[in-house]
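Please keep the structure in view while reading.

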Number of protein chains: 4
Amino acid sequence: MPKHNLFNEILSIHSTKRTVKQQRIVEAAISLFADKGYSNTSTAEIAKVAEVSEASIFKQYGTKDHLLLSLIVPYIREFFPSMANEALDQIISNGDSTFEGFLRTFLHNRIEFIRGNKEIFQVLIKEVIYKEELKHEFLPYVSDLIVPRLTKLIEAFQERGELADIPVDKILKLVFGFIGGFMISRFVLFNMDSIPDEEIEEAITFVMDGIRHR
Amino acid sequence: MPKHNLFNEILSIHSTKRTVKQQRIVEAAISLFADKGYSNTSTAEIAKVAEVSEASIFKQYGTKDHLLLSLIVPYIREFFPSMANEALDQIISNGDSTFEGFLRTFLHNRIEFIRGNKEIFQVLIKEVIYKEELKHEFLPYVSDLIVPRLTKLIEAFQERGELADIPVDKILKLVFGFIGGFMISRFVLFNMDSIPDEEIEEAITFVMDGIRHR
Amino acid sequence: MPKHNLFNEILSIHSTKRTVKQQRIVEAAISLFADKGYSNTSTAEIAKVAEVSEASIFKQYGTKDHLLLSLIVPYIREFFPSMANEALDQIISNGDSTFEGFLRTFLHNRIEFIRGNKEIFQVLIKEVIYKEELKHEFLPYVSDLIVPRLTKLIEAFQERGELADIPVDKILKLVFGFIGGFMISRFVLFNMDSIPDEEIEEAITFVMDGIRHR
Amino acid sequence: MPKHNLFNEILSIHSTKRTVKQQRIVEAAISLFADKGYSNTSTAEIAKVAEVSEASIFKQYGTKDHLLLSLIVPYIREFFPSMANEALDQIISNGDSTFEGFLRTFLHNRIEFIRGNKEIFQVLIKEVIYKEELKHEFLPYVSDLIVPRLTKLIEAFQERGELADIPVDKILKLVFGFIGGFMISRFVLFNMDSIPDEEIEEAITFVMDGIRHR
DNA sequence: GATGAATGAGTTTTCATTCAT
DNA sequence: CATGAATGAAAACTCATTCAT
């Protein structure tokens, strides 16, 4: 059931191939938005970096706002589904996998994805805070698409007795809230290029066992 | 050793009491910055909401940028020290207190503090992401002032055998990274007015024991 | 009963005194709009002619559209009421006046008025055609304010047996339609500075007796 | 003596038949110009409505200005000559026709013509006011072509004693000025689709006999 | 003959800031 | 201390027009 929303609308428009100049616009915009933020980046600046006229930007995207969405929406579309599919389905069917193993795979997988598009990730995170519009499109999208899958996954692991008897939705919020903050602080706040394996392992241990001495 | 930086500079200026109009400016600015972000708020708008002339704002604060810092810096100065002093010193000396107890006290204490000034908190978080300048003033400040105290605290609890033998700096990053994300998501992203006790307890349990079944 | 509409709204705003620069804006705008039309006049041009910054125009009037209305609306407010009051009331009470005499007085009176503000008159006529908004404010205003008075006047002269037994509303439309066209063609289309008495007399004769030979 | 002017120039070019796309351009342009005015209609909009590329418009017409003239000039060429020929010559030779009869025929004839191309008529009237260029081409054209014919006509009726002994040029200006205003107010200002017979008769009576009681 | 891509030169509008009073 | 008036610079956006394909 394809709802009529910003996401679907924007995706349907820019499926065609881009010219060289159009590609330069996209790259310049992502780079500048990531660096200085959407509001502090002028279309004149984007045009200059992309070495095109401002008019070309507006011919393509109509408004600066639409340009932003045209960058972010496809990224979201790719980020979450692939998160769900690539990692989840495979693991869930593997009888002897552990949640810890899933977490490890998941983290490495998503970190790689973000590393490959760090700037868009930064733009997304920075602007979700500002643009109510984005937030209201983005959060439900995540909820509807991702939450059900993860819920099933967690339930499966709980049934195997691997996870504590905390309500699934609480586990989801705690674990993925933590992971979200973990990623965002590293890739957005500190602008790191990657996360060392060691740090990943520490995070996994923290999630599984907390910090209490046993 | 008082470094010459924005923080100290600004604090030294505005120690005097505010007039009624100045107070209105501050309130209007905080409210608007929290709602729409610094970049998307014009000085004209602030003046209108505060019912003063734009000229008055500039007479007082010189630049819009300085106005922002004049709001945020005192807040930071208050947020972290009080965090350190009120909660920590007391707890650390209480021989039979637990880290869990400390965490509980700490969370409630900080949540109350944020609730009382939610809008400034929102401004701070939103702008730290955008303004490199702020980030570069803010993070070291936190590091220098807070980290040593918390380090001592954690070490104390580790010596009592309450916490796992994870290097202190790792524990710090994990726990306070999690708590930061916890607060920010509730108070900034979802603009909640408070956090239910139940949710706080879940967070504490998560931090202490993770999600593994025992 | 002061209806809430554009007319009243705009009048209420600009009742205060204008500075020299503000007056220059008004004059430049009227002159340029009259000459080249609203759409073909840029705010940059107005600013240049008025020797002020464009920003000053927008600080005062908010939008170019509002500037136009701020010029036209007070003119309309003055044009029609004075038309009604000065000429009509006096004549209607004068027992031995004739409709022809009224027409003569009326024409001379209105021609003088237009001559004193020809450019605004030109702007008004040119833009009423284009701006539905103006048309929808302007026409009812005329209808409500002017038509009843003229109706009473015509009826009075009909009762004296001076005018043909044509329904009053028809006479109104024919006579004032003709006069309107008469004025507009001279002052707008041909940009004449005045209308010779001779031509006025011919118009009066035409209105009274048509062109048939007797 | 074919003067070298815009009219003749444009007519000489576009005598060829229009392709389907060209026709769509013409229709879109007329419709949009009539509705919003030339200045407020962009070539992009025309292209969109016509479902052709903007480039096609410019390939055909060179400039937007030329497009406007290409619409208006042929219309003028048709409007006035047919006005002269169809109605006049026939009537003038008919010994027992009256001026009133001529007027009636003429009005019905021109009203029908306008009804069939109302939008171009609207464009013509609206733009004559704005474009000095058009005015300076249009008015002499009318004068040279129409005035002599009508002068002859009026003189003929005057000789028959049907019309008052007013100088012919005055009669012309009064009568056709009135009729022009009559048409323009109905078809342009009020955008009516036709004029009821009753109203036409009232206009004729007004022209012939004025409003004086006899 | 038709068009997608591109743009230089404008357009209206906004904004932080200054200054005389 | 307060502000009305003013603005230079830049913002987003528009537009008629060109040109290679």
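Which residues line the largest cavity? In this predicted model, the lining is made up of R186(C), E199(C), E202(C), K170(D), K173(D) and L174(D).

**Cavities**

- Two elements each give two or more residues to the lining of the largest cavity: α10 (197–209) of chain C and α9 (168–189) of chain D.
- The largest share of that lining, three residues, belongs to α9(D).
- Five of the lining residues are charged, one is nonpolar and none is polar.

**Extent of the interface between chains B and A**

- Chain A and chain B each bring 41 residues to the contact.
- About 3,900 Å² is buried between the two chains, with 60% of it on carbon and sulfur atoms.
- On the chain B side, Y130(B), I211(B) and R212(B) lose the most area to chain A, together accounting for 21% of what that side buries.

**Polar and charged pairs**

- Twelve salt bridges cross the interface of chain B and chain A.
- R214(A) and D209(B) form a salt bridge through their side chains, at 2.9 Å from N to O.
- Residue pairs in polar contact between chain B and chain A number 24.

**Make-up of the chain B side**

- Helices giving two or more residues to the side that touches chain A include α6 (99–116) and α10 (197–209) of chain B.
- α9(B) gives the most, with nine residues.
- By class, this side has 20 nonpolar, six polar and 15 charged residues.

Notes. Residues numbered from 1 in each chain as written. Chains lettered and ligands numbered in written order. Predicted model: local features only at pLDDT ≥ 70, side-chain atom pairs only at ≥ 80, totals over all residues. Heavy atoms only, no water. Contact = heavy atoms within 4.5 Å. Buried area = accessible area lost by both parts, 1.4 Å probe. Salt bridge = Lys/Arg side-chain N within 4 Å of Asp/Glu carboxyl O. Polar contact = N/O pair within 3.5 Å; in protein donor to acceptor, adjacent residues only side chain to side chain. Helix = DSSP H or I, 4+ residues; strand = E, 2+ residues; numbered from the N terminus. Nonpolar A, V, L, I, M, F, W, Y, C, P; charged D, E, K, R; others polar. 1 Å grid on protein atoms, 1.4 Å probe; cavity = no way out; pocket = protein on both sides within 12 Å on 5 of 7 lines; lining within 4 Å.
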